[in-house]
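Biologist: I am new to this structure and would like to learn how to read its features one by one. Could you give me the general idea each time, and then the case at hand?

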Amino acid sequence: MSNKITFKNWLANLWQGIWQAMCWVGRAFNPKYKSKFWRVIWSVITICIVAVSGCLVHSYLTYKLREHRGYADIQRISHNYKFVKPYNGLGSIVHISTGEVVQKGIEWIAMPHDEDSLMVYSKSGKRGYINRFSGEVSIPAKYTKAWLFSSGVAGVAEGDSVYFIDHSGKPVNNKKLRYNPKNSGYVFHGDYCALAADNGMMGLIDRNFNWAIEPTYDWIIAEKHNFWNMRKGDNETGLWYAFNDKAEPVFDTGYSELNFTDDLGIVATLPNHLQLSYSYDGVKSEKFLIRDVEKMYYDKDEWDEEGNKLIDATTLMRYRMPDGYEGLCTVNGDIVTEPLYWEVLPLTKDTYLCRYKDANAGVIINSKGEIVKH
């Protein structure tokens, strides 16, 4: 007997194996096959096919829906023009009424904060300015960096040099600054711009690039009415100082926090969490500011006819500051205790439990504001 296998025998065995595999698959997809095992296999395969098909259909419809919408960003830039940007493409400036495309190939735009006519646009990695009312390019995209126009001027950078230009693109003077990444924006507010010196300290420069306020502050924020909020020291323990639109101090005192508001003026927070206000002319309020004043009630040692314990209002009221600290005041709003406590609870008509923050301790205070027990 020969042990050799001919090509014919090998081919016959291969075909028989393929045929058996095809029969196995056929039985798996045959719902009439009576075996419980194959019914389970067929059901699992069917569910998988349906799930995969559903995902493919959902992806296709989502893509077609985006394609139908056409744009990832639509922003109105003026009465007559809008900026439209398709998915995975470059944007255009389009006339709203006629649909005419007046500018193409725009990567992004940045609108001015005020009513200035020029907005920043980016094209081919460079920055320039477009007139948002006419849709025309006023200053071609040739700068490595460009900031918003404010007070009639805008900061631009070519390489590491920063200078300011007017609406025609001409420099406002012959001076240039070295770009400092600590400056979040080379933007004038009124007649001044906040800049950082080489040592990282900040001050204000005027339009001639002279220091109106020497760079001796750790941080400067532009506020309402072209006022300035300047901090000396770190973010935790530093003090803030207010300056007006003429780069003059509004008051000489530094505070842990300053808020510039429309209705109350400049609200200053003291280390004891109390607040007072200054007008924008520097006039100090006569009384402290308090908020969230509420009555407190205590349980009396008396009961009504039905056996319910009687309650009564305490002599003083509780007030709460914006940072959560609480204190005691009269019904007329006069402060009796500073807001040094995290929680004030009534005990009797004239005694109160005042707890400190982050400490399992407190004091008992009477209605005169005196500590009667630690």
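**Reading strands, side chains and loops**

Modeller: Let us begin with strand 21 and strand 22 (residues 275-278), which pair in the antiparallel sense over four bridges; two strands pair if DSSP finds at least two bridges between them. Helices (H or I, at least four residues) and strands (E, at least two) are DSSP runs, numbered from the N terminus. The model is predicted, and local features need pLDDT of at least 70, side-chain atom pairs count only at pLDDT 80 or more, while totals for chains, interfaces and linings use all residues. Residues are numbered from 1 along each chain as its sequence is written, and side-chain values use heavy atoms, with hydrogens and water left out.

Biologist: Which residue of strand 22 does Val-267 stand opposite, and what lies in the turn between strand 21 and strand 22?

Modeller: Val-267 stands opposite Ser-277 in strand 22. The two strands form a hairpin with five residues between them, and His-273 in that turn has a positive phi of about 80 degrees.

Biologist: How is strand 21 joined to strand 20?

Modeller: Strand 20 and strand 21 run antiparallel and are joined by four bridges, with Glu-257 standing opposite Thr-269 of strand 21. They too form a hairpin, with five residues between the strands, and Gly-265 in the turn has a positive phi of about 80 degrees.

Biologist: Which way do the side chains of strand 21 point?

Modeller: From strand 21 (residues 266-269), Ile-266 and Ala-268 point one way and Val-267 and Thr-269 point the other way, and all of them are buried. Buried means under 20% relative accessible area, exposed over 50%, and partly exposed in between (1.4 Å probe, protein chains only).

Biologist: What does the whole chain look like in terms of helices, strands and burial?

Modeller: The chain has two helices and 31 strands, and 35% of its 374 residues count as buried. Among contacts (heavy atoms within 4.5 Å) between residues at least 6 apart in sequence, 27% join residues at least 24 apart.

Biologist: How should I read a salt bridge, and how many does a search of the whole structure find?

Modeller: The idea is a side-chain nitrogen of Lys or Arg within 4 Å of a carboxyl oxygen of Asp or Glu, and the search finds twelve. One of them joins Arg-178 and Asp-198, whose closest N and O atoms are 2.8 Å apart. This pair links distant parts of the chain, 20 residues apart, since Arg-178 is in strand 12 (residues 177-178) and Asp-198 in the loop between strand 14 (192-196) and strand 15 (202-205). Both Arg-178 and Asp-198 are exposed.

Biologist: What separation along the sequence does the pair of Asp-312 and Lys-349 span?

Modeller: These two form a salt bridge with their closest N and O atoms 3.8 Å apart. Asp-312 lies in strand 25 (residues 309-313) and Lys-349 in the loop between strand 28 (343-348) and strand 29 (351-355), so the pair ties together parts that are 37 residues apart in sequence. Asp-312 counts as partly exposed because its relative accessibility is 27%, and Lys-349 is partly exposed at 35%. Elsewhere, salt bridges that share partners join Glu-294, Arg-318, Arg-320 and Glu-326 into one network.
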